[in-house]
Amino acid sequence: MASVTLDAVRKVYPGGTEAVTPTTLTIRDGEFLVLVGPSGCGKSTLLRMIAGLEDITEGELRIGDRIVNDVDPADRDIAMVFQNYALYPHMTVRRNIGYGLRNRGASAGEIARKVDEAAAMLNLRDYLDRKPSQLSGGQRQRIAMGRAIVRDPALFLFDEPLSNLDAKLRGQMRIEIRALQRRLGTTSIYVTHDQVEAMTMADRIVVLNGGRVEQVGTPAEIYHAPASTFVASFMGAPPMNLLTGRFESGAIRLDHGPALRAAPGGRSGPITIGIRPEDVRLGEGDHVFDVDLVEELGAHRLLHGRLGDQHFTAHVLKDMPVREGRQPIALPDAALALFDAQSGQRL
Amino acid sequence: MADMTHDTLAAAGPARPARRRLRLSTIGDHAILIAGALLMVAPLLMLVQMSTVPDAEIMRTGPSLAIGDRLWPNVRAALTESMSFSGRNTGLAMFRNSMILGLGFAVGKIVVAMMAAYAIVYFRLRFATLAFWAIFTTLLLPLEVRIVPSYEITQRLGLLNTWTGLIVPLIASATATFFFRQFFMSVPEELVEAARIDGAGPVKFFVDILVPLSRTMIAAMFIIMFVYGWNQYLWPTMIVTEDDRITLVQGIKQITQGLEGGQIPEYGRSNILAILAVLPPVLVVLFFQRWFVKGLTETDK
Amino acid sequence: MKRAAFDQKWFPVLLLLPQLSIICLFFYWPAWQALRSSFYLEDPFGFGSTFVGFENYLRLFRSGEYMQTAWFTLVFSLSVTFLSLAIALLLAVKADGVLRGAKTYRTLLMWVYAVAPPVAGFLALILFNQRWGPLTEFFRAFGWDFRIRLDYFDTAFAMIAVSVWKQIPVNFIFFLSGLQSIPKAVREAALIDNRSAVSRFWTVTFPLLAPTGFFLLIINITYSLFDTFGTIDTILRNNPGDQPITLTYQVYLDGFRGQDIGGSSAQSVVLMVVVLALTIVQFRMVERRIHYT
C-alpha cells in the first residue's frame with residue numbers, strides 16, 4: 001500500500017517534444033485513479049514514467065516516502081497490466097504468473113501457494129498448465145491480472161488493459177477489476193481513452209489533454225462541473241452540447257436565439273454555453289429545437305437537430321412522446337455551464 | 001417456369017466442355033511437374049544405380065537401368081578406405097570433418113549473431129548506429145571477392161589447417177545478425193517492459209524469454225547455415241591442405257582426379273562419397289522443410 | 001532500438017565484441033588489403049612492392065584473356081539466371097495450381113537446394129562423359145559430338161546446364177512462396193474478371209510476382225558469379241587450360257596460383273564494384289516493392 005506523489009513531473013523527448021508538462025498530483029493510498037484523454041495526450045507517458053519504463057526529465061516522483069526517479073522498475077514495488085497483456089508466449093500460465101516471484105528469489109513452495117491463490121481469485125485454476133495462446137482474450141486478460149496481483153505490490157498500473165476485448169467482455173472485466181481492487185485495497189493507476197471506463201471505475205479521474213492536466217476530480221465532479229470545454233466534450237456520451245453565445249445588455253443570449261438568463265456582473269462579448277443533453281426539457285420553453293433525427297436506444301432516445309443554426313442533441317427517457325420537426329424546448333438556468341469562448345475555461 | 005428451364009439448359013451447355021478442358025489442363029500440369037521432379041531427382045538416382053554395379057561394367061555401358069549387388073562393398077570401401085596415400089581421408093573421416101565445419105559454422109554464426117543483434121536492438125548504445133552500419137556493410141561483399149587477402153591474413157595469423165581458420169572467417173558476414181535483428185524488432189515492446197517489471201535483467205531476459213521466443217527462428221537459421229557451411233568449397237580448398245582436415249565437399253575434387261587415373265576408375269566408391277556429401281544437408285532440408293522454407297524466404301528478403 | 005532499452009554500458013559492448021572483431025579481422029582488413037594492393041605491384045620473390053597507380057587495372061582491361069573471361073562470365077550469368085528463373089517459375093505456377101500431390105512435388109523439386117556445387121560439377125562429368133555419358137549419347141543421336149573439357153562451347157554448355165539445375169530449387173521456393181502470398185480475394189476477383197487463364201497469369205499473377213522476380217534476379221547473378229566456383233572447378237578438374245572460367249575463378253587463379261597479387265586484387269575490386277552496383281539496384285527494387293503493396 002502506498003500513496004504516489006508527482007511533484008512537477010515533466011517529460012521532454014530527445015526530439016524536443018514535450019509529452020507531459022510539469023504535473024503535480026497525489027494519488028492517495030488505496031485509491032483507484034484513472035488517467036483519461038485522447039491518444040497522444042500524455043497519459044501513457046505519465047504511467048510509464050511512474051513504472052520506470054520512461055525517464056523523468058524533470059520533477060520528483062515518490063512512491064510512499066521514497067523518491068523513485070532513478071529506481072529500476074523491478075525495484076519500485078509495482079505491477080503493470082499491459083494493453084496487449086505482454087504474456088510470455090512460451091511459458092505456461094503458471095510460469096507466467098510466477099515469473100516475477102521467481103526472479104525475486106521466492107521459494108518454490110511460496111511461488112506455488114501464491115500462484116494458486118491468485119489463480120483461484122481469477123478463476124484460472126483449470127488453465128494453469130496451458131500456454132497463453134490456447135486461451136481466450138478474457139482469460140489472457142486474467143493471466144495478466146494474476147501476474148500483477150501475485151506479487152502483492154504497493155501499486156498497480158494498468159495501461160488500457162481492456163482495449164483488446166470485445167464490448168461485452170470489456171463491461172464484465174471492468175467490474176471484475178474494480179471489485180478485485182476494492183478487495184485488495186491496492187493503490188491503482190489506470191490509463192484509458194474510454195470515458196465510460198473512466199467514469200465507472202474511478203475514485204478520481206484525471207483528464208489529460210496535450211500533455212496537460214485539464215481537471216482532477218471524482219466522476220460526478222468531472223461530469224457535472226467540467227472545468228473546460230475539452231472536459232465537457234470528452235466526458236459523457238453523447239457529449240455536452242456546446243453552443244456559442246454572447247453577453248448582451250446584462251443577459252446571456254444564444255447566437256440567433258432568445259435570451260437565456262441574466263448575466264453575472266457587467267460582462268460583454270462572446271461566450272460558450274454548455275448543457276448536457278439530458279438536462280434539456282422538451283415541450284416547454286421559448287427555444288425552438290428543429291429535430292431531424294430520432295435515435296432509438298431502448299431505455300432512452302436521442303434527438304438530433306438544430307437549435308438556431310447550431311447542432312444540438314437532446315436525451316429523453318423512453319416514455320416521453322417524441323417527433324421530428326420544430327418543437328419548443330427549455331434550457332434550465334441551473335443546468336447551464338458557461339465557458340470562456342477563447343480559453344475554453346469555465347467561468 | 002419454361003423460361004427458367006431454358007436458362008438452366010443454356011447455362012449447362014457451355015459449362016460441360018469447360019469442365020473437360022479443365023481436366024485436360026490438370027493432366028498437363030501434372031505432366032510438367034513430373035518432368036520437373038524427374039529432372040531434379042534423376043541425377044541422384046543415376047549415382048545410386050552406378051554404385052550398385054561393378055566398375056568394369058560402367059566402363060563399358062555407363063549408367064543404365066540395371067541394379068547390381070555392389071552397393072554394400074562400395075559403401076564399405078567409401079567409408080573406410082582412404083582416397084590418398086596418407087590414409088587419413090577415409091569417407092568417415094571426411095564426414096566427420098564436414099560435420100565439424102557445418103555444425104561449427106552454424107552454431108558459431110548463430111551465437112555471434114544473436115549476441116550482436118541483442119546488443120543492437122535492446123540497448124541504448126552511443127555508437128549503435130556506427131556498429132549497425134559496420135556490421136551490415138558486410139552483407140554487401142561476399143567472401144569470394146576478398147578471398148586472396150583473407151587467405152593471407154589467415155596465414156599471417158597462423159590459422160592455416162585449423163578449424164578456427166576454416167570456420168571463423170566464414171562467419172564474417174552479417175546475414176544471421178540482420179535476420180535476428182529483424183526478428184527482435186518484431187517482438188512486442190511490452191514483453192521486455194513486463195520482464196523488467198518482473199525483475200528480469202538483460203541476461204535473464206535473454207535466456208528466459210528472448211531465446212525461447214526465437215526457437216523457430218534459430219531452427220530455421222540453423223538449417224540454412226548448416227547447409228551453407230557443409231557445402232563450402234573455395235575457402236576450405238584454400239585453407240585446408242592436410243588430408244586429415246579435408247571435408248567431403250572438398251574431397252569431390254580428389255574423387256574426380258582419381259577417376260582420371262590409369263586403372264579402372266572406381267565409380268562405385270566415388271559415387272557413394274558424392275552421395276554421402278549431399279545426404280546430410282538434403283536430409284536436414286527435407287526433414288525440417290517447413291522451418292527451412294520459412295527461414296529462407298524470410299531471411300533473404 | 002526498443003523504447004524501454006536496457007541501460008547497461010559495458011554489457012552490450014561485450015555482446016558486440018565477437019561480431020565486431022570477426023568482421024574487422026576478416027572483412028574490413030582483407031577488403032582494405034584488396035583495395036590497397038590493387039594499386040601496387042608486388043615483387044614475385046617477396047621483396048616489397050611498388051605503387052603503380054591504375055597500372056594493374058589497365059593491364060586487366062588490355063588483357064585479351066581477362067576480357068574473354070569477363071565475356072564468358074556475363075553470358076554464363078545471364079544464361080543461368082534466365083533459364084533457372086524461367087523453369088522455376090513454370091514449375092512454381094504448376095505446383096501452386098495442382099490440388100493433389102502439391103506437397104510431394106514441392107519436396108521433390110526443392111531438395112537439390114542442399115546439394116553442394118562441386119557435386120553438381122561431378123554430375124556434369126558423369127552425364128557428359130565422353131564415352132558413355134547419357135547426355136553425350138543423347139546429343140550424339142542428333143549428330144552433336146559432345147566433348148566436355150576439350151571443346152570450349154561444350155564445356156560452357158555443361159557448366160550452364162548443371163548450374164541451372166542446381167539453382168532451380170531456390171527460385172522455385174521463392175516463386176512458390178510469392179504465389180502463395182497473393183491474397184485469395186485477388187485471385188478470385190481475377191477469376192471473375194478474366195476468362196482466360198493465360199491472360200490472367202500475365203495480367204495479374206505475373207505483375208504481382210515481379211518484386212520476387214527482381215529480388216531473385218540479383219540472387220541468381222550473385223550465385224552465378226560466386227557460388228558456381230565449386231561446380232566449375234570440379235568440371236575443370238582443377239586444370240582449366242583454355243576452357244571457360246568465370247571472373248571469380250580468374251581471381252583465384254591469378255592470386256592464389258599465379259601469385260599476381262596486384263592483378264588479382266584489381267580483379268577483386270572490379271568484382272566488388274559489380275556486387276555493390278547489384279546491391280544498390282536491389283535496394284532500389286526493394287524500395288520500389290514497398291510501393292507495390
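User: Why is Asn220(C) called buried, and in which helix is the place of Asn220(C)?

Analyst: In this predicted model, Asn220(C) belongs to helix H9 (residues 197-227) of chain C. Helices are DSSP runs of H or I with at least four residues, strands are runs of E with at least two, and both are numbered from the N terminus. Buried means under 20% relative accessible area, exposed over 50% and partly exposed in between, with a 1.4 Å probe and protein chains only. Asn220(C) has 0% relative accessibility and therefore counts as buried.

User: What makes the pair of Asn220(C) and Ser84(C) a polar contact?

Analyst: A polar contact is a pair of N or O atoms within 3.5 Å; within protein, one must be able to donate a hydrogen and the other to accept it, and residues adjacent in sequence count only if both atoms are side-chain atoms. The two side chains make such a contact at 3.3 Å, so the pair falls within the cut-off of 3.5 Å. With contact defined as heavy atoms within 4.5 Å, Asn220(C) also touches Thr81(C), Leu85(C), Gln167(C) and Asn171(C), residues up to four places away in sequence not being counted.

User: On what basis does the model select and number these features, and what is left out?

Analyst: Residues are numbered from 1 along each chain as its sequence is written, and chains are lettered from A and ligands numbered from 1 in the order in which they are written. Local features need pLDDT of at least 70, side-chain atom pairs count only at pLDDT 80 or more, and totals for chains, interfaces and linings use all residues, while side-chain values use heavy atoms, with hydrogens and water left out.

User: Why is Ala266(C) called buried, and which residues does Ala266(C) touch?

Analyst: Ala266(C) lies in helix H12 (residues 261-292) of chain C. Its relative accessible area is 0%, so Ala266(C) is buried. Ala266(C) and Glu55(C) are 211 residues apart in sequence, yet their C-alpha atoms are 9.4 Å apart in space.

User: What makes S17 and S18 of chain A edge strands?

Analyst: The open sheet of four strands has the order S17-S16-S15-S18 (chain A), with antiparallel pairing. Strands S17 (310-317) and S18 (325-330) of chain A each have a single partner strand, so one side of each is left without a neighbour in the sheet. Ignoring direction, neighbouring strands of this sheet are turned by 45° against each other on average; the axes are lines fitted to C-alpha atoms, for helices over the stretch in contact, and angles run from 0 to 180 degrees between N-to-C directions.

User: What secondary structure does chain B have, and how are its domains placed?

Analyst: Chain B has 15 helices and zero strands. An automatic or database domain assignment sets the bounds, giving domain 1 (2-73) and domain 2 (93-299). Their centres, taken over C-alpha atoms, are separated by 37 Å. Of domain 1 of chain B, 10 residues are in contact with 10 residues of domain 2 of chain B.

Methods. Two strands pair if DSSP finds at least two bridges between them.
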